Amino acid sequence: MTDAKPASTEAGIPDLPTTSWAVLGMLSHADELSGYDLKKWADWSLQFFYWSPSFSQIYAELKRLEKHGYATSRTVLQDDGVRGKRMYAITDAGRAAAAQWVNHAPVEAPVLKHSVMLRAWLGHLAEPERLRGILTEHIGYAEKMRKLAEVDAEGADENPDWAYPGAVLRWCVRHYEAERDFAQELLADVDKLAAGQPQKRAPKAKGTRAS
């Protein structure tokens with residue numbers, strides 16, 4: 001996924017990629033989080049409406065944030081006293097920068113890259129059963145995501161500190177519900193179109209004559 005860099009709107013606020021602000025924003029929800037914790041948070045919430053970065057991307061952004069003084073880290077030893085994990089915390093400067101970005105940075109319009117709809121748009125080139133299978137699979141995917149978002153939204157409701165993530169997760173439930181319903185309607189349209197198309201004749205074997 002490409003990561004657009006909106007222009008800074010305030011002197012002193014660096015021009016960071018959106019993923020940096022997403023990671024910094026996740027840090028703003030807790031006292032300390034490890035890279036593993038951040039990945040879990042991304043999979044729990046961000047994946048439904050933005051994107052879930054990989055571990056390597058998360059750690060790269062954490063280094064970037066530390067470089068700018070927006071996050072600090074420390075090593076915490078495990079119970080065995082040998083192994084350690086690195087914990088990250090947002091700084092006051094990081095919280096102020098994140099608030100500045102939320103309130104003043106330009107908001108990019110969402111970019112929809114819907115590969116399923118691209119296949120349907122090229123339906124005149126598609127094999128009917130293959131196109132039907134793609135749409136049916138997408139309906140199942142949308143329903144799966146709706147259920148996952150619903151579970152996570154219910155979990156967010158248990159913690160008052162997650163009121164805003166919970167509100168967004170409830171939006172995600174409605175989004176995937178609509179995506180499922182729209183895909184079902186499109187499938188019905190595709191079935192009508194396929195029924196109205198003349199059947200393609202099978203190619204004649206070489207050497208045969210038309211009767």
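Is Ser52 buried or exposed?

1. Ser52 is buried, because its relative accessible area is 18% (buried: under 20%; exposed: over 50%; partly exposed in between; 1.4 Å probe, protein chains only). This residue sits in the loop between helix 2 and helix 3 (55-67); helices are DSSP runs of H or I with at least four residues, numbered from the N terminus.

2. The model is predicted: local features need pLDDT of at least 70, side-chain atom pairs count only at pLDDT 80 or more, and totals for chains, interfaces and linings use all residues. Residues are numbered from 1 along each chain as its sequence is written, and side-chain values use heavy atoms, without hydrogens and water.

3. Two side chains make polar contacts with that of Ser52: Asp43 at 2.3 Å and Lys39 at 3.1 Å. A polar contact is a pair of N or O atoms within 3.5 Å, one able to donate a hydrogen and the other to accept it; residues adjacent in sequence count only if both atoms are side-chain atoms. With neighbours within four places in sequence left aside, Ser52 is in contact (heavy atoms within 4.5 Å) with Lys39, Ala42, Asp43 and Gln47.

4. The largest pocket holds about 2200 Å³ of space. A pocket is an open set of points on a 1 Å grid over the protein atoms alone, where a 1.4 Å probe fits, with protein on both sides within 12 Å along at least five of seven lines; lining residues have an atom within 4 Å of a point. Its volume is the space filled by probe spheres set on the points, which are joined across faces, edges and corners.

5. Of the 47 lining residues, Leu46, Phe48, Phe49, Tyr50 and Trp51 lie nearest the centre of the largest pocket. Helix 7 gives the largest share of this lining, seven residues.

Note on methods: Helices (H or I, at least four residues) and strands (E, at least two) are DSSP runs, numbered from the N terminus.
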